[in-house]
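Colleague: I'd like to learn how to read a few features from a model. Could you walk me through them, one at a time?
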Amino acid sequence: MKKMLLIAIGSLSIGFANAQFTQGQKLIGPSLSFNTNNSTEKNNYSQPIYERKENATSIGLGFSALKFISSKKANGWRLNYTFSNFKNTTEALNSTPINFGKNIRNIHEVGIGYVTRNFIQIKPKLNFYYDVILYGNYNLGESVNESTLAPSNNYTSTNNGYGISVYITPGFTYQLKKNLILDAALNSIGSIGYFNNKETSNDFALNNYERKYSGFNASSSLTAGSLLSNFWFSIKWIR
């Protein structure tokens, strides 16, 4: 019995040690991300009753090329484009005159990152990995603010900025065919970075302004909800 157990453990160890990738191979392919969140809040404790709705949607497209420097480690580059839309509305229900306000923001972001990926084999075709990414981005957006009670104060603002950060992203790969894998990246578990943004508006005398803001940020999260809040799916070719 003991001998059989040792043989089983040895076989399992060999299975985990077998390399799925070899030095010099490349992982090349596109990626896609889609996220949406909706919320509704209503205050029933005072008059008038206000209802607030929020919606956030983002679509991301990417492309990456990595080269294996060993059977468990690859380096390379990643390009990303993300479009994000944020909308929130506030309405006083059953009010006269109509009291309704909304804010809509659209943001375009492009970025490039240098990636170091480390693989940990789970099964012969299944791997866990974590990416360490040095990432730089530029963003450009527009915000529209409207109110039915004070239409003269409606205005549009534009914003642009850039950032640089280092973050860690976990994920999984599954080998569909000899030269084809499915890649699922989770949300980042830690990041640190710098950002610099400017927002301007030239609409009307009351809303003619320019704001500049910059700073450093750092975050970490290991909760299941945070990890699963954002996915990037991709198909990659092994060459």
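Colleague: Let's start with S33. Where is S33 found?

Modeller: S33 belongs to strand 1, residues 26-42. Keep in mind as we go that this is a predicted model.

Colleague: And does S33 count as buried or exposed?

Modeller: The general idea is a cut-off: buried means under 20% relative accessible area. S33 has 5% relative accessibility, so S33 counts as buried. Its side chain also makes a polar contact, at 3.2 Å, with the side chain of N35.

Colleague: What about T158: how does its accessibility read?

Modeller: Between the buried limit of 20% and the exposed limit of 50%, a residue is partly exposed. T158, at 35% relative accessibility, therefore falls in that class. T158 is placed in strand 6, residues 155-177.

Colleague: Which residues does T158 touch, beyond those up to four places away in sequence?

Modeller: With those set aside, T158 touches G141, E142, K198, E199 and T200.

Colleague: Now the nonpolar core. Which residues have the most contacts inside the largest one?

Modeller: That core has 15 residues, and those with the most contacts inside it are F21, L27, L66, F68, F119, I133 and I238. Strands 2, 4, 5, 7 and 10 each supply at least two of its residues. Strand 5 gives the most, with three.

Colleague: Taking L66 as an example, what is L66 in contact with?

Modeller: Leaving aside neighbours within four places in sequence, L66 is in contact with Q25, K26, L27, A74, N75, G76, W77, V115 and R117.

Colleague: How many aromatic pairs does the structure hold?

Modeller: Nine aromatic pairs. For geometry, look at the angle between ring planes: under 30 degrees is stacked, over 60 is edge-to-face and the rest is tilted. Y194 and F216 have ring centres 5.1 Å apart and planes at 55°, so this pair is tilted. The pair links distant parts of the chain, 22 residues apart, with Y194 in strand 8 and F216 in strand 9. Y194 is partly exposed at 25% relative accessibility, whereas F216 is exposed, at 70%.

Colleague: Which residues form an aromatic cluster?

Modeller: F21, F68, F119 and Y129 form one. Elsewhere, the charged end of R105 sits over the ring of F86, 4.6 Å from its centre.

Notes
Residues numbered from 1 in each chain as written. Predicted model: local features only at pLDDT ≥ 70, side-chain atom pairs only at ≥ 80, totals over all residues. Heavy atoms only, no water. Core = buried A, V, L, I, M, F, W, Y, C linked by side-chain atoms within 4.5 Å. Buried < 20%, exposed > 50% of the residue type's maximum accessible area, 1.4 Å probe, protein only. Helix = DSSP H or I, 4+ residues; strand = E, 2+ residues; numbered from the N terminus. Contact = heavy atoms within 4.5 Å. Polar contact = N/O pair within 3.5 Å; in protein donor to acceptor, adjacent residues only side chain to side chain. Phe/Tyr/Trp six-rings, centres within 6.5 Å; stacked < 30°, edge-to-face > 60°. Lys NZ or Arg CZ within 6 Å of the ring centre and 35° of its normal.
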